[in-house]
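Hi,

Here is the structure I said I'd pass along. Have a look at it first, and then read on for what turned up.

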Amino acid sequence: MLRSIRLIQRVANFSRLANPHEVNPKVPEWFKSTDYIEPRFIGSETQQVNEMLKTVQAKSLDELVDKIIPKEIRSEAAFQNPDNFPDAIPESAMIQHLQSLANKNKVYKNYIGQGFYGTHTPYVILRNVLEDPGWYTSYTPYQAEISQGRLEALLNYQTVITELTGMDVSNASLLDEATAAGEAMFLANSWFEKKKFFVDNHVFPQSIEHIKTKAYYLGIEIVVGDAKTYDFKDVDQYCGVLVQSPDNLGEVHDWSDLFKHTLKDAKILKVIGTDLLSLTINKTPKDQGANVAYGNSQRFGVPMGFGGPHAAFFAVEDEFKRKMPGRIIGISKDANGKPAYRMSLQTREQHIRREKATSNICTAQALLANMAGFYATYHGPQGLQKIANRVNCLARCFAKLAKSLGIVIKEGRFFDTVVLHNTENLQEYLHYNASINVRKIGQDTIFSFDETHTLQDVEDLFNHLQHFTKKKADFMSVVQKVIPYKSERSPFLQQKVFNSLHSETEMLRYINYLRQKDVSLTKSMISLGSCTMKLNPTSFMLPVSFQGFSQLHPFSPLSCTQGYQELTDNVEKWLCDITQMEAVSLMPNSGAQGEYTGLLCIRKYHIMNGQRDRNICLIPISAHGTNPASAVLAGLNVVPVNVIDGYVDLNDLNKKIKENEKALACIMITYPSTYGVYEDQTKKIIQLIHDHGGLVYMDGANMNAQVGYTSPGYLGADVCHLNLHKTFSIPHGGGGPGLGPIAVNKRLAPYLPGREHSLGSVASSLFSSASILPIPYSYFGQLGRQGAKKCTAMAMLNANYLMMSLKNDYKVLFTGQNGMCAHEFIIDIRPIKQESGITEEDIAKRLMDYGFHAPTMSFPVPGTLMIEPTESESKSELDRFIEAMKNIKLEIEKVKNGQYDKNDNPLKNAPHTQDQVINSSWNHKYSREEAAFPLPFILQRGKVWPTVSRINNAFGDRNLICQCPSVSDYQQ
Amino acid sequence: MYMRSILKLRQAFSVLTKYTKDHEWIKYDTQTKIAKIGITDYAQKELGDIVHVDFQKVGLVFKTHQSLGAIESVKVAADIYAPVAGEIVGINEDLKDSPNLINEKAEETWILQAKLQNESELDTLLDKQSYEKIINK
């Protein structure tokens, strides 16, 4: 109740922000601001819009929408009330407003720790990676030939992780530390097939909390105890043991005794949660006998950002690599035998494995992992050790100083965290008198040191302690006694890349050398179906770097985070308006995590209603593979439902409902369907499920075709997730971050994280990736009601314009009423393959020669391409794409009628690299011009040359290499 | 005596080959009572470059249609289904390092060996002709 009152007040604050003259209808048009985002956000201007409308045979955008969206599903109520959703404000006003919100957050000197630490993001990385659209607007590197830059960067990151943890294989990062711990627990459970898992009680509480949540719904028993003293007599019943070092209270452990002796022969997974910086001087998890190491790479140059986004790491011994969650980058070779990077072992991923996947998480935190990798590259092994020693010396110095004042400290070996016993009220004292935030557990006060602290800070703390204890001691004599520990590490990160880029000039050039290899939105349209690669406006991105947003610790006291409270309240409120739902949780860190959280909500609802046995989840076979994977992890049993011509088969649905009458938990549906069609039977399906006691989960992947015109709430869904990284302009970051909040109706609201009957915890902190929330906030505030709605209509216009322009050349699969598509459409390449042998992959790779990124391949139908242009692309860019696709069709015709050789043609050999084309021996049966510049505009505009030719996937999967080559390889 | 040894000889060479509509083959040696199970050449082509074989453990007692492991190619992961009921008595260790053997000689490369629960269950499976009819449909 209190929360909702606060909410209304805040929104009222925001409404006043829109300058009254700007929204007053009496004020003539010419007095209004000229820096609104809408005309910049939408790619085409009026003239171009009218031309496209002609092609799709509609007189206006409104008429077009009427033709596309079935009447019975339209609901524009949420968008008619200005109290609900804001009026647009100009770019400059939003920047000012967000600056004032950031200023309401108090960035105190911070010693809270607990998995999040202050860090100096090297400015060369801040500006040229985090703030560079060349890095943040690219997609997951599925099209490896035009992604070699970020693939190399991610390989560097993986190398940092394997070198520091001592493990054999690292993935390309996970969502956050808590979920990484959860993944370790699930890996143990599925590997050893036992239902009991041990967690040491000195693991970070947020990790324990998530492990417990995850285990609860899977029926796994979690035993939390002291691993040092626990009697492991019953170890046969356990599938794994998870410990941490340094632990929650900062103690550095050597778990060798437990793992290598006590549990030597036990059939369990041995997991150590750890800290990368400490590993530059401390013994590796591998040397302590661990099978798995995980943790947060945040303190390697990624701002705390009130909780995220950050890249969690996860590394395993070789034996477990095929069951490891997340993506793995590996080295293969291209068609010319040159080494080339790619994503390896993709068959582990849920889009292929579906309900048999080892995890539901299909994304990584690529942008943040790359930052961490670059941080290690920039500092090199000696630099990292220097930072670690400095942090460690500051902490030990502080501990000695505290002791000199008679304070009892926690003894034992520590890295960066000092516990002062029996210091009641010290936390409050420091917070109110010195603007310093520290952690407190019972009577103890805890200080975690990091790279940003200085000896001056230690002296300040010491002075406050003198005051607090009313005692005196000498500072400098203690300082001089502290010397660095002797490192326990053998040399690490000896590869050239970590030892040659320590000047800013070299670093800058390396970052840009990598960036220019990749196709991002700075280069061309990325028409990936179901991915909504729309504009990420610069003014939306700018506030992410505001100090008030980026430098805040997620466990800062409420009084320091008022700006964030207002920001998150508003985002929640507006997401409720858009979805016509009751409440929102911003906790899920990705789309798949949103699905998972939504399904937990449904499970918790049934459990609380005494219907624990409702565990059947119906999923149409056309659904994205994360749906069944998330369902299984939520402890549900998946029952697939047939699809006929793109529509859910109602007969089969009825049959499946009848068969599972009493056990029906829910259905998962996507709207518009994954085939890009507004099904008119959706309301009927929802009613049917509700009539049988089930709930309805709506996948938010296609929300870009709903905003302003209909909504999950109106259609009758009980819960949906929203991909803020698709619909609401958070960039894809080259494969993460993502954000997948869920919206629920009244019935499910009490089960959201942090509420009355909370389903549990699905991330390390309540707002997970809070620091990127200014982006959707700007989307709502800068586009406003009309703008957001117009984006939806324009996305449909662009898609239909493309479809109409290509339908004579390619067979279009599935259309809705009046032969129209929604915001995306599918072209069928199977007939082409039959006639000419040219496949969807050949076309995808050939598009690279034209300077384009391919559309989505073989989803949701094998042998097809799914195209989603989004509203942000101009007609000129769409026309270039059309020209390219039409020319490719002509090339296919030439293969068909024998003008081109069946195997040696520009399609089969695509993509062509610069060195191939300029090579003096050109032996192909077509010209160099046809290979590299098949259309005049490519030569005029220039293009991103693929830096490798077609990559050999089988070689890479059969010979898995996922680290930088060692020094000796360079010497060979 | 003569007849007996002839019979023995015949039995020694008597290998019964059957197919499933899921594209597995099973070769049952009536002498040793051991069956070898693999996937057909057609299946191999459909899967593309095979990069890994995921085995179940030796000693697993399985029912008909139960998953006996999975074959991973660069683009697909496909289950191997038990053609009949039985118990796994051996796995082809060579495939751990060279999964591509299946691409090269699918019909000769066995994936696992099994003891059958009930020989007569083999009669329910397809013979070569009927299988070929299915894939040429």
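Searching the whole structure, which is a predicted model, turns up 11 cavities of 30 Å³ or more. The largest cavity holds about 150 Å³ of space. It has 19 lining residues, and the ones closest to its centre are Gly115(A), Tyr117(A), Phe204(A), Pro246(A) and Asp275(A). Sorted by class, the lining of the largest cavity comes out as 10 polar, 6 charged and 3 nonpolar residues.

On to the second largest cavity, with a volume of about 130 Å³. Its lining is made up of 16 residues, and nearest the centre you'll find Pro620(A), Val648(A), Thr670(A), Ser673(A) and Glu679(A). Two elements of chain A, strand S20 (664–670) and helix H25 (682–691), each bring at least two residues to that lining. S20(A) gives the most, with 3 residues. How do the lining residues of the second largest cavity divide by class? There are 9 nonpolar, 6 polar and 1 charged.

Now for a couple of single residues. Lys726(A) is the one with a record attached: an unreviewed UniProt entry annotates it as a modified residue, N6-(pyridoxal phosphate)lysine. To find Lys726(A), go to the loop of chain A between strand S22 (719–721) and strand S23 (742–744). Is this lysine, Lys726(A), buried or exposed? Lys726(A) counts as buried because its relative accessible area is 13%, under the 20% cut-off. Leaving out neighbours within four places in sequence, Lys726(A) is in contact with Ser530(A), Cys531(A), Thr532(A), Lys534(A), Ala701(A) and His732(A).

The other one to look at is Ile888(A), in helix H30 of chain A, which covers residues 875–896. With a relative accessible area of 0%, Ile888(A) is buried too. Which residues does Ile888(A) touch, leaving aside its neighbours within four places in sequence? Its contacts are Tyr810(A), Ile843(A), Arg846(A), Leu847(A), Tyr850(A) and Leu907(A). For one of these, Tyr850(A), there is also a distance: 38 residues separate Tyr850(A) from Ile888(A) in sequence, and C-alpha to C-alpha they are 9.5 Å apart in space.

That's what I have for now.

Cheers

Definitions and conventions:
Residues are numbered from 1 along each chain as its sequence is written. Chains are lettered from A and ligands numbered from 1 in the order in which they are written. This is a predicted model: local features need pLDDT of at least 70, side-chain atom pairs count only at pLDDT 80 or more; totals for chains, interfaces and linings use all residues. Side-chain values use heavy atoms; hydrogens and water are left out. UniProt positions are given in the numbering used here, feature names are shortened, and annotations may be inferred rather than shown by experiment. Helices (H or I, at least four residues) and strands (E, at least two) are DSSP runs, numbered from the N terminus. Buried means under 20% relative accessible area, exposed over 50%, partly exposed in between (1.4 Å probe, protein chains only). Contact means heavy atoms within 4.5 Å. On a 1 Å grid over the protein atoms alone, a cavity is a set of points where a 1.4 Å probe fits but cannot get out, and a pocket is an open set with protein on both sides within 12 Å along at least five of seven lines; lining residues have an atom within 4 Å of a point. Grid points are joined across faces, edges and corners, and a volume is the space filled by probe spheres set on the points. Ala, Val, Leu, Ile, Met, Phe, Trp, Tyr, Cys and Pro count as nonpolar, Asp, Glu, Lys and Arg as charged, and the others, Gly among them, as polar.
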